[in-house]
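Morning, everyone. I have one structure to walk through today. Here it comes.

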Amino acid sequence: MNKRLIFGEVFHIIYILMCISLWTIATLLIRSGKSGFSLAMGIAFIIGGSSSFAVSMNLIVIPFLEKHHVLQLLVKQTLIAVTIVGAYLYWYFFHWATLVASIYFCNWTFKWRKTIIVLLAIPPILLLISHLATRPPHIIDIESIRYKAGMYMLAACLLFVIGCWKERNALIRKSRVRTASVTIMALVWSYSMDFIGASRLSFESTGLIIESNDLWQFNYLLILLMLVSFIVFGVKYGIWGIKIRFEREKYDYSMRALTLGTSILNHSIKNELSKINYLNERTKAYLEKGLHETAVEQLEIVDQVTSHVLNMIHRIKEKANDIVLVERPYPLRTMIDYTVQSLTPVVEAKNMTIVWSCEADGQLVCDIEHMKEVLNNLCLNAVDAMQPDKGILEISTNVIMKKLTIAIKDNGTGISADNIENIFNPFFTTKRNPDRFGLGLSYCYNVMHKHGGSIHLSETEYNKGTTFLLCFPGKMFKARQILS
């Protein structure tokens with residue numbers, strides 16, 4: 001058989017596989033990804049595959065069916081119309097879909113995000129309407145949209161870089177860099193081959209005419225590279241939100257990887273036991289002084305602390321493997337009251353001060369046991385960072401851009417710039433105490449992301465203090481109505 005003919009047949013098969021591969025990845029992303037980024041990337045892959053679909057149908061499938069005389073005129077016209085729609089989707093909306101994905105990749109949750117995403121779709125829609133009004137629908141003039149699409153793709157590439165740069169955790173950053181690198185490479189390649197390399201598409205009854213430098217024929221190399229990346233990274237690390245969804249559940253992998261359940265258990269109960277020791281000493285002192293009522297109050301606090309410890313022990317399997325939340329509405333002020341009350345003996349023993357305020361009050365939908373433990377970890381870390389007789393711990397609640405925030409602020413030593421990117425890593429700690437396992441903040445991070453929220457190091461300064469901020473989605477908090 002003629003070698004050129006064999007190459008042509010192989011090329012046809014490869015191009016059909018390109019379309020199937022892209023749509024397969026898209027299906028996995030949409031079905032497996034729970035984040036907005038995975039959904040946006042899935043849509044981008046569907047739109048990206050539509051160009052391969054349009055080309056393969058017009059250059060391969062339709063000619064094959066005609067050759068074997070099994071294609072009726074109406075069916076042919078329908079197939080061509082469908083492929084034209086696919087081509088329009090790619091050349092007019094692929095750059096928009098990738099820009100949307102990059103916005104989600106940055107984990108920006110600003111108030112007008114959805115509105116901005118919709119507004120970004122308006123220019124491509126107007127360009128499409130203008131094109132259909134001034135040109136025959138079966139002709140796509142790529143030159144007229146080349147630079148406008150390029151602006152969107154350039155912005156997408158920059159946002160992918162920013163998304164990697166703003167990630168402070170070294171482990172997560174590596175995963176995001178892998179995702180961003182493959183995606184940016186695909187964007188640059190697609191723009192070079194399809195938007196710069198091609199100038200015009202004509203869907204004629206005699207077939208598809210592509211006016212280009214013919215470099216688009218090598219797009220199968222890009223698809224092959226993306227498939228390899230998807231298989232290798234997806235299985236071993238996770239990419240585009242598949243396998244290990246670092247973008248939304250960043251520490252599920254780290255916590256599942258920890259087999260040291262006893263260490264985590266020790267960390268969970270250690271803080272509470274220290275409180276019980278303080279309370280026990282204070283109770284003895286009150287009894288010796290004859291202050292029986294005050295001693296009873298201290299014992300009531302002990303009862304609350306021990307109840308919390310028992311609940312955490314029963315839930316330790318969740319904490320060591322994968323946290324499963326038991327969410328219900330819970331009074332926010334009651335949760336803060338418990339935190340302050342259980343911390344009081346520790347703070348008083350070091351002659352420190354607790355200042356707290358609830359500017360926001362109402363019902364928070366959460367797993368109360370895990371949230372008590374999160375607040376407990378953050379507050380005890382703050383106490384450890386402050387000097388006796390000088391420490392001031394501030395706890396406050398507020399609503400910012402419809403999100404509930406809980407701030408934990410201290411006037412301690414602060415966190416050095418070298419350690420900031422590692423603070424959420426499991427087992428990382430700057431404390432020399434052998435009882436400190438470095439699990440507290442990684443656990444807090446995991447719990448907050450399970451709630452659909454986040455934890456941020458809001459600010460830190462040497463010898464001036466640190467502020468951590470817990471943020472909850474607005475839908476999880478119902479503010480208490482104040483009667484006038």
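Start with the inventory: the chain holds 15 helices and eleven strands. Helices are DSSP runs of H or I, at least four residues, strands are runs of E, at least two, and both are numbered from the N terminus. The ground rules: this is a predicted model, where local features need pLDDT of at least 70, side-chain atom pairs count only at pLDDT 80 or more, and totals for chains, interfaces and linings use all residues. Residues are numbered from 1 along each chain as its sequence is written, and side-chain values use heavy atoms, with hydrogens and water left out.

Now the overall numbers. The chain has 484 residues, and 49% of them count as buried. Buried is under 20% relative accessible area, exposed is over 50%, and partly exposed is in between, with a 1.4 Å probe and protein chains only. Take contacts between residues at least 6 apart in sequence: 75% of these join residues at least 24 apart. Contact here means heavy atoms within 4.5 Å.

Next, the rings. How many aromatic pairs does a search of the whole structure find? Seven. Rings of Phe, Tyr and Trp (its six-membered ring) pair if their centres lie within 6.5 Å; planes under 30 degrees apart are stacked, over 60 edge-to-face, the rest tilted. Y90 and W91 are edge-to-face, at 4.8 Å between centres and 90° between planes. Y90 counts as buried because its relative accessibility is 2%. W91 is buried too, at 5%. Y191 and F195 are stacked instead: 5.7 Å centre to centre, 20° between the planes. Both lie in helix 6, residues 170-196, four residues apart, about one turn. An α-helix has 3.6 residues a turn, so residues three or four places apart point the same way. Y191 and F195 are both buried. Ring pairs link Y90, W91, F94, Y191 and F195 into a cluster.

Y147 is 48 residues away from F195 in sequence, yet their C-alphas are 8.5 Å apart. Y147 lies in helix 5, residues 146-165. Is Y147 buried or exposed? Exposed, because its relative accessible area is 60%.

Last stop, helix 13, residues 368-385. Its 18 residues reach 26 Å from first C-alpha to last, close to the 26 Å expected. That expectation is 1.5 Å times one less than the number of residues. At its start, a side-chain oxygen of D367 comes within 3.3 Å of the backbone nitrogen of E369.

Conventions
Polar contact = N/O pair within 3.5 Å; in protein donor to acceptor, adjacent residues only side chain to side chain.
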